[in-house]
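Subject: Structure handover, salt bridges and chain contact

Hello,

Please find the structure below, for your files. My notes come after it.

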Amino acid sequence: MKDRLAESLKQSRADYTEIRVERTWSSAVAFRGRRLETATVSEDQGGFVRVLNKGCGWGIASFTSLDELPGMVRRAGELSRALRLDAPIRLADVAPQTADAVLDLDGDVRGIPLSEKKKLLDRYNAAMLAVSNAIVDTQASYRDEVSEVWYVNSEGASLYQLRPEVVVSGTAIGRRDGDIEKGLESIGLRKGWNSVQNFDDRFRVVAQRAVDLLDAPRVRGGAYPVILDNELAGVFIHEAFGHLSEADFVYENPQAREMMTLGRRFGKPVLNVGDNGAAAGLRGTLPYDDEGTPTQDTPLIKEGILVGRLHSRETAAKLGERPTGNARAISFRHPPIVRMTNTYIAPGKQGVGFDDLIGAVKLGVYACGAFGGQTMLENFSFTAGWGHMIRDGKVAELVKDVVLAGNLFQTLDRIDHIAGDFTWNQMGGGCGKGGQFPLPVTEGAPHVRIEEALIGGDV
Amino acid sequence: MIDRLLEAARDRVDNADALWRREEQTTVAFESGRLKAAGISEEAGINLRLLANGRMGVAGTTAAKPDPKELVERARASAELGETVELAFPGAAAASQPAIPTFFDHTANASLAELIRMGRLLVERLSRPDCQINVAVEREVADTEVGNTAGARGEYRATGIAVTADVTRIAGDDVLMIYDQYIGADVPTDADLEALVHSVETRLTAALTVVAPPEGALPVVFTPAGLAAVILPLEQALSGKTVLQGSSPLAGKIGEALFDERLSIEDDPLRPGRPASRPVDDECVPSRCTALVERGMVGRFVYDLETAARAKTESTGNGRRGVFGKPHIGYTNIVFRMANGGRHHPMAPASELGGGLIADIDDGLIVDDLIGVGQGNVISGAFSHPVGLAYRVQHGEITGRVKDAAVAGNAYDLLKRIGGFGADGRWLGARWSPSLLLEGVSVARR
């Protein structure tokens, strides 16, 4: 394959050409309630070409038929030349890499019979249904893949990656009279069959939570000290800050750049945030991004100060900074854009625990788990899976409909206490941006306290 | 393409259906007002579903030269694990397929230069010194073939064009993003593009002043864009799937008057000029209109073949399928119909922000965008979101943009009594609706 791609590169008459080819074997099993929805095996493949000529724009082509490759290289070249630009597009230098990055398949899913996968998911689904008669509906899904990616560019990069992925998730719907509540669990790993065998308890917990929420009161909306659990703190930093640090937000926008001036204080000295595409074994990890740039641990906030951004080669060149390995495309159907990988709030002092964060809180909210989040630049919103009131320094009653929303700058600035109990959240789902959803990412965080935040609930 | 596949399947299984689709897209993208990228994409794929010994299986491929036998084998392996279902495929003479124009030559043949011209027109019209403008124009041509072993066949070509514009204005830490789109099966006229410009400019101008939000249970005008939070629970609850599974609050309530009696909503795949329109669905069931809500009463739920079989009813022609995975339920065009709209000022131009519904509002909001729609317990109808783009209305006038506010309510409660239907009915993606004035919406200051 590498030879075939190198040959097509040679034929290109453009100043810069890159070709990416992907082949993905995947299988999926899904249950809905007591019934199997689907069990199927799929094979998907295709190619992507991106071309740049001096003084011209990007020419892009994507296709499923690899026989089209030479023709597509030509057409991408024509498209690029059809766009004359006054200000040229420049790409920051990256030393071309030649490497094969083959991950351990951890029990090659291609060799496991589909019937075995169905049996496993049936077990997890049944575990949810067995918890209570109040569970009226469930969704359980299993998806695995082994994908191969070839990348070459005209600067001499030649990369091959082989990587596995498994995603297992469950939703339990509890219903009592007209009231409907939901519990959700999702695990996403850059691993194989060996790593998905022991999730029974997690699925039971999910269904139990849906039942418990039926009886729980809605949180009273208002301003509170809020402690985020590891999962929600991770989603928070991704949604509320991560997207702002993607340089394509600022690189063509002078006012945005002013807002995100390096050196600006974003939080208290206790706050450290980064994005690490090279962290071993995580779902968002990749050795090279989709422009062939090696990934790295990029500090974004250091002791409360903005110190970095996430870049593609183009945004780095525009801002006179160095590429960080954050140019990613969700598949051959899309061009790479600036994306996160594994984004984290670094742990606070070792030995500082959850109890230290809540000890001084007379009345607050402990917000846990994440149904999802959305950011609209300076404003964000996310929905916790559930919450607990904190009363007199102790965890108290379960509450529901905990929605945390606010202004990013204010909220980041109000993080005053960070525990040492860091974990990576290995969740399924993914990030959405520019029509590319769901991109595998990971978030990590310890427990985090926000001295005051607005919880919407009963308004 | 599918004939060979169905032939290969026929001898080995009870019955089968398949869909082949080829899509070509051409896109031009302007970033910060300048043309940055042009791209093409070509993709073809085939999806096969079959029943073997009464069990259902599915397989798909994007391979350029798919091997029919290999695909059939994969689908059979899938069926071995599948559930039994008494699926009845539509026959050749099931019902005549309506003739709907879905393919427009002008759109299919529009040159790169023409797409660029459209984008450039928008960039120039929207250009302002303090704003960043991004515009994308995407043209698609799709060929679809669908059929089954009972002899039904459907074949059509379709075009689509999407023109999107987003304007970002940053002043200090204040970020304002205004977005709109034109989506149609045929190219937009200059008037269509002007309407897009006007929509963005109106909302941008009204947003330049920031005012404090009100608080309490207030009248709120939800623009067609802002309506998403109120409509999404209904879309979920009206799906035959959630009804079958027992999670829909509307199950068992067909015929009940749960909504304002002036409100009707239908799913309409027969609308000319809409990309979601088609003569048959992705299971070769002929298209027809389905009344989802009829004069305030719960009408019909939407079904695909499998869900209909399990619910012992008929498909409504709402089957949708991609290359991988099995067919599932999907809406086509969701269209609001109002009887005796009322309450909008007869002289208010249709293009006015608020759709002519604000004249009698003493203190309230216009909501154009909420943050986080789709998260949480959507099907219950409850929503609580901070505003993304909203305006305060005082004594019948827009006084400015509100930023730190959250809006909450339950869609089923709010739609029981609609204060008014706007004069600004428009297409937004695949939904046609006007603004709606809803009373007693919880607004909280943040």
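Predicted model: local features only at pLDDT ≥ 70, side-chain atom pairs only at ≥ 80, totals over all residues.

Residues are numbered from 1 along each chain as its sequence is written, chains are lettered from A and ligands numbered from 1 in the order in which they are written, and side-chain values use heavy atoms, with hydrogens and water left out.

Salt bridges

Over all chains there are 67 salt bridges (a side-chain nitrogen of Lys or Arg within 4 Å of a carboxyl oxygen of Asp or Glu). One of them joins A:Arg50 to A:Glu291, at 2.7 Å from N to O. These two residues are 241 apart in the chain, A:Arg50 being in strand β2 (residues 35-52) and A:Glu291 in the loop between β9 (273-276) and β10 (297-302). Strands are DSSP runs of E with at least two residues, and helices runs of H or I with at least four, numbered from the N terminus. A:Arg50 is buried at 5% relative accessibility, and A:Glu291 is buried at 3%. Buried means under 20% relative accessible area, exposed over 50%, and partly exposed in between, with a 1.4 Å probe and protein chains only.

In chain B, B:Arg426 and B:Asp180 form a salt bridge with their closest N and O atoms 2.9 Å apart. This pair also links distant parts of its chain, 246 residues apart: B:Arg426 is in β19 (residues 426-428) and B:Asp180 in β6 (residues 174-184). B:Arg426 is partly exposed at 25%, while B:Asp180 is buried at 4%.

Contact between the chains

The contact (heavy atoms within 4.5 Å) takes 74 residues from chain A and 68 residues from chain B. About 6,000 Å² is buried between them, with carbon and sulfur atoms giving 51%; buried area is the accessible area (1.4 Å probe) that two parts lose on being put together, summed over both.

Eight salt bridges run between chain A and chain B. Among them is A:Arg75 with B:Glu42, the closest N and O atoms being 2.9 Å apart. On the side of chain A that touches chain B, β2(A) gives the most, with eleven residues.

B:Lys65 and A:Asp67 also form a salt bridge, at 2.9 Å between the closest N and O atoms. B:Lys65 is exposed at 67% relative accessibility, and A:Asp67 is partly exposed at 49%.

Regards
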